[in-house]
Amino acid sequence: MGIVVVTAGHQIAGERIETASLEELIFETVSTAIAKAGIAPESVDAIVMSGNDQTDGRIISCMVTAGPAGGVGKNVMTIASGPEHAFAYAYLRLLAGQGKNAVVVGWSKPSESAFPEHAELVSADPFMVRPIGMNRLIAAALQASALPEAERTGARSESANDPFVSWPLTASDCQDHADGVCAIVLESREPGYVGEGAWVRGVGWAMDRYDLGDRDDIEVGGLTAATELALKQAGDSFGPIGTLDAFAVGVPNERRLAQRLTQLLGDDKTVSFPSIDCLNPDFAAGLFAIWRAAQRVMSPVRPDAPHFAAASATLGFAAQGVTVVLMSDLSEV
Amino acid sequence: MTSASETAPARFYEQTWDLSYRHALGATVGVFLDGLRDAKLLGRQCPKCSRVLVPPRSYCDRCLVETGDWQEVANEGVIEMMTIVYEPFKGLPAPPYAIAYVLLDGASTALLGYVHGIDLTEVKSATEQLAIGKRVNVHFSPEPKGDVTDYWFELSDKEPS
Amino acid sequence: MRNVGILGVGQTDFVTKRTDVTYPELVREGAQLAFNDAGLSMRDVEAVVVPLAPDALIGIGNGERWLVEAIGATGKPVMRVNNGGATGASAVEAAWMHIASGLFDVVLVAGADRVSESLSAQSVLNKMWDVAYERPYPQNTITMLAMSAMRYNHMYGADERDMARVTVKNRRHASLNPHAHLRELVTEDDVLNSRILSWPLKLGDVCPSSTGGAALILVSEEYAARMKKPVAWIRGLGQNTETFWMGDRVGPQALGDHADADALAVAFERAYAQAGLTDPTTQIDVAEIYAPFSSVEFHVIEAAGLCGRGEAPALLAGGAFHLGAQGVVVNPSGGTQCTNPIAVTGTVRVIEAATQVLGRAGERQVAGANVAIASAIGGDHQFYSTFVIANHLDPIGHP
């Protein structure tokens, strides 16, 4: 038995989506995903969700999102640490034989928050870090400052229109907040399955220390441990990967993540793709990366397409948590 | 073991989360709120299970389909459940106040609102007057603010049918 | 299906406030107790699941990131569950999934809560409700359950004295549980004379805001065999979800009624089916069920199939469900009504169920307990998580 990414529904906007509520966006996205997968709502076995109360402005926001995500009458699990963890959980659930399919949905609608960075500040440890001030961009800048000088710059242009946000990150190094929802449909399949989809070959996730000053590897946190866990599942027949989709806050940070993961996976011909249009839909970003990677190996495969793909996403300040997802086209199992 | 925690005075660091939001309500909620200005309560019907959802939602969470036709429901109905709050809570109104879910005639689901016009100081008589099955009328504010407190319930003179 | 067992459990004593430790330190305290109990250390743990409900109550966003060093989980897979009040139990389901998948053998569930650290809990909890339709009203967790209680009483002819009997029982049980928060005995009249919060709920009907930590360690059957130590087995588990809209839970077209816990009954059926448990009225010795307020216990007993709808109040009045009574004992720990550290309340239910079937519950031990159930409820009576736990892997049958 294997686990297959069959399809996804997704929407993202660099501008604000103000004509629809968060609940409506989730309903539209999940409905689209399961319709594309050809699954009737009553045949969905589980909903795995991820969002952030402080961004959503809703305490226990899964309460209002479970219904539009299709959760009524079903097993709903909210993995609040991040959407890529929700993906990992859905994978575990299907491996455990609990149902034939699962819908993973992650969302962020920061346009509803008057000051999204302030919502990030409350994620800072109240005693040591909050009084000094912290958010995802400042944390990413601290992380980028530890990179070799030549790698600290991302998309920076020398023009006056690209000011530093937090040195060494400039405005063009920082993904904009974006309203976005992504719903991925996973199914368990017997080997020999023919149809649309990408096999999930391994999923690894790991957390580094919270305190930036204590990190073993400030550049990429738990990447090594996460990759080892994913590779252990994927086995010797996996690879070499042809493509890599990564998401991390900060363009240089993300590039470094992709570079380090490529090294760990032992392939220097990998083509890596940055996060979508330099946008950050936060609690959907990891799912966008996974879905994009899945599409690159999705059957039916184009003749020139790679057989193996990886996705990596990060969460927390300066990529405290790293997740690695390894996928292959259907011909490989 | 004598640890520092047993001898040291308790220390605190006070924090207030000052997070503000502008929640997008979506078109369906907007139509409902606009209806209140005209003293109308509007629901939307699910094309699959036929329930008339009041308050209206743009989707049915049971059938996972978009809701369809708008339907005006009656400005009266029956109490399905209620409570009278006697305890003050930070950030919430001064007690006592009564809130109830009312199943309006023509609706499939119950609508939350304040119940006004009852003396709430005597618990027994107040709760008996607001028992399940009692009929209430909907009243509308002559000066609507554009949110759901523009309507409230009051006991009806009619006996339960 | 791979069998999964509970090898070690730990819970701190629960109190109103702990000013001597931070949140990560409190999680560490619970985890350390579980390690001591299991005879393991963090080095043996392959993955961690953190139960943590609303961030706002402990005052830090994504607090699971903050505790990584404190529990020694650096470099390990850590994920956090938030299913509202069901979180602590859903986290155990998530950990079970880790092991049942075949990818892990030893998984730690560790969390804590310090509800009293928030100075505005009910104002925070008002922000759970729909932004347009419900938040402008002072809806909160107390009003939500007050309306369920008055509806239950109306439908089944129960009253506030019936509710008071639940409190009296649970306080007596809690007085025997050194970890419980509210341990003083009360009488029915004490409860009836306590001040009304939100009719028909009075101060004597509701749970405290508790501070403390809890943890448990799940292992695969293969790993358990190597440890040569008694293990409480998770024989079945099931979750289900009710509509968020309370107004949809009344009237002739409702799927489930807000007076009852119909979606919870389905969750229990899923767990019972997996466990092969066919008759809940005779095959269960202990029920550690999540009921934060007295009124909730009745419909949870009924949803678990321990008796018919509306029958629980009369059975309780006749002496059933008490420690020492014939048949199933309900909440011998004193339950959620006496101790509610929201994030780990569901975890404590599972811990108590496991402790009972292992015969290690001290003064609150139910004699001869072999099979226990545990459950939790989250959201606005919306997310349900259930377990069947036994001290053996034999078929569950009549005693």
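The largest nonpolar core holds 318 residues, and those touching the most other members are Val104(A), Ile184(A), Val325(A) and Ile389(C). Such a core is a set of buried Ala, Val, Leu, Ile, Met, Phe, Trp, Tyr and Cys residues joined through C-beta atoms within 7 Å, where buried stands for 20 or more other C-beta atoms within 10 Å of a residue's own, with C-beta atoms placed from the backbone. A second, separate core has five residues, among them Phe14(C), Ala174(C), Ala180(C) and Leu182(C).

The model is predicted: local features need pLDDT of at least 70 and side-chain atom pairs count only at pLDDT 80 or more, while totals for chains, interfaces and linings use all residues. Residues are numbered from 1 along each chain as its sequence is written, and chains are lettered from A and ligands numbered from 1 in the order in which they are written.

Turning to chain C, an open sheet of 10 strands runs in the order β3-β2-β4-β7-β1-β8-β12-β11-β9-β10, with mixed pairing. Strands (E, at least two residues) are DSSP runs numbered from the N terminus, as are helices (H or I, at least four), and two strands pair if DSSP finds at least two bridges between them. At the edges stand β3 (78-81) and β10 (329-330) of chain C, each with a single partner strand, so one side of each lacks a neighbour in the sheet. Within the sheet, β11 (residues 371-378) and β12 (residues 383-390) of chain C pair in the antiparallel sense over eight bridges. Here Ala372(C) stands opposite Ile389(C) in β12(C).

Terms used:
A residue is buried if 20 or more other C-beta atoms lie within 10 Å of its own, exposed if 12 or fewer, and partly exposed in between; C-beta atoms are placed from the backbone.
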